[in-house]
Amino acid sequence: MTSHIRFAKNPAHADFRIDFAAVAALIGHPKPLTDLIMPDDRPQSSAPLAEIAHGPSAFERFLDQNQKLLVVFAILLVIAAAGLVVYRGVEKSRQQTAGAALFEAGELAELNQVIEDHAGTRAAGSAAILLADAQWKDGRQDDAIATLRQFIETHPDHPALATARASLGSKLASQGKNDAAATAFQQVVDDPRSRYLAPYALVSLGDLSQVAGDADKAETLYSRARADYPDSGFASTAGERLAMLRATMPVEVDPPPAPEPAETGTPAATGAGTLPGVPSAIAAPTLDEPAPSPEATEPAESSDPADESDAAPQP
């Protein structure tokens with residue numbers, strides 16, 4: 001039996017075979033090499049043992065198929081990067097211009113102008129807070145509160161957001177709107193970005209609780225302000241509030257009765273000798289014995305010029 005092994009390295013060489021019987025006859029071996037390599041009962045197969053594919057890889061085929069798209073994407077990426085650089089430059093210039101306008105503004109009209117001309121900038125947000133304070137001082141309390149509410153709604157990421165909330169809470173509390181004020185102060189406490197104003201908000205919440213008659217809640221808030229923020233100036237304020245919280249208020253008493261009016265008539269004479277340290281011989285004059293007048297006690301002076309001439313010495 002002639003055995004053949006076919007190696008299909010390439011479809012073009014599918015008929016390449018090795019005749020082991022012929023090779024064994026050439027080298028003088030008594031048995032074909034196939035009998036030594038594999039048993040005779042192994043089924044013969046013409047399937048190739050291995051196949052090596054030659055051609056471009058999947059990545060290379062992807063590049064060939066999408067070469068134009070990749071070039072367009074690279075161009076768009078460069079344009080986007082350039083646009084970002086330009087945008088940042090323009091935005092920086094806009095912020096600087098708004099800041100310069102805010103620095104020069106001082107009156108209500110000027111602050112309003114900054115808000116309108118530079119909307120969306122941080123300087124416009126800061127101008128809104130200053131505008132609210134100016135409106136409050138001008139007696140326009142409702143306008144000031146409305147300005148602060150609008151700022152808080154439209155500038156959630158502004159660095160002065162905590163200041164606006166604290167100012168809103170303080171103004172609402174001064175109007176007696178304690179529930180709305182407590183909401184504003186609680187937002188300051190709950191926001192991690194507002195940590196620098198949290199002790200002030202806690203003390204303010206304690207004051208509102210004390211006004212409402214809830215001494216236990218007020219004590220909790222004061223204690224938290226002092227314990228959580230010991231380095232803040234409001235820690236000492238909280239300590240003072242705690243000391244006064246449980247203090248007993250002084251009891252009001254009725255004033256003593258007014259003295260009865262003296263009886264009308266001639267008052268009795270009182271001697272000065274009845275006073276300590278005054279000799280009894282020195283007595284105050286009484287109404288019955290009036291004191292002598294100065295004219296009666298002094299010697300009369302002569303007004304006659306003759307008398308004076310007689311008194312002159314003779315030469």
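Reader: Which helices each supply at least two residues of the lining of the second largest pocket?
Author: In this predicted model, the helices that each contribute at least two lining residues are helix 5 (108–117), helix 6 (122–137) and helix 7. Helix 7 provides the largest share of that lining, with five residues.

Reader: And how many residues line the second largest pocket, and which lie nearest its centre?
Author: The lining consists of 15 residues, and those nearest the centre of the second largest pocket are Ile115, Ala128, Thr147, Gln150 and His155.

Reader: How much space lies in the second largest pocket?
Author: The second largest pocket holds about 250 Å³ of space.

Reader: Changing topic: how many salt bridges does a search of the whole structure find?
Author: The search finds seven salt bridges.

Reader: Which residue meets Arg140 in a salt bridge?
Author: The partner of Arg140 is Asp143, with an N to O distance of 3.1 Å between the side chains.

Reader: Is Asp143 buried, exposed or partly exposed?
Author: Asp143 counts as partly exposed because its relative accessibility is 34%. Arg140 is likewise classed as partly exposed, at 35%.

Reader: What about Asp157: which side chain does it meet in a salt bridge?
Author: Asp157 forms a salt bridge with Arg193, at 3.9 Å from N to O. This pair links distant parts of the chain, as the two residues are 36 residues apart. Asp157 lies in the loop between helix 7 (141–154) and helix 8 (161–174), while Arg193 lies in the loop between helix 9 (178–190) and helix 10 (198–211).

Reader: Which other residues are linked with Asp157 and Arg193 in a network of salt bridges?
Author: Arg165 and Asp191 are linked with them in that network. Within it, the side chains of Asp191 and Arg193 meet at 3.1 Å, N to O.

Reader: Asp157 and Asp191: buried or exposed?
Author: Asp157 counts as exposed because its relative accessibility is 62%. Asp191, by contrast, counts as buried because its value is 12%, and buried means under 20%.

Reader: Now the surface. Which residues make the nonpolar patch?
Author: Val71, Val72, Ile75, Leu76 and Ile79 make a nonpolar surface patch of about 450 Å².

Reader: Where is Ile75 found?
Author: Ile75 belongs to helix 4 (residues 67–104). With a relative accessible area of 47%, Ile75 is partly exposed.

Note on methods:
Residues are numbered from 1 along each chain as its sequence is written. This is a predicted model: local features need pLDDT of at least 70, side-chain atom pairs count only at pLDDT 80 or more; totals for chains, interfaces and linings use all residues. Side-chain values use heavy atoms; hydrogens and water are left out. A salt bridge is a side-chain nitrogen of Lys or Arg within 4 Å of a carboxyl oxygen of Asp or Glu. Buried means under 20% relative accessible area, exposed over 50%, partly exposed in between (1.4 Å probe, protein chains only). Helices (H or I, at least four residues) and strands (E, at least two) are DSSP runs, numbered from the N terminus. Patches are made of residues with over 30% relative accessible area and no salt bridge: like charges are joined within 9 Å, nonpolar side chains (Val, Leu, Ile, Met, Phe, Trp, Tyr) within 5 Å. Accessible areas come from the Shrake-Rupley method with a 1.4 Å probe; for residues, only the protein chains shown count as cover. On a 1 Å grid over the protein atoms alone, a cavity is a set of points where a 1.4 Å probe fits but cannot get out, and a pocket is an open set with protein on both sides within 12 Å along at least five of seven lines; lining residues have an atom within 4 Å of a point. Grid points are joined across faces, edges and corners, and a volume is the space filled by probe spheres set on the points.
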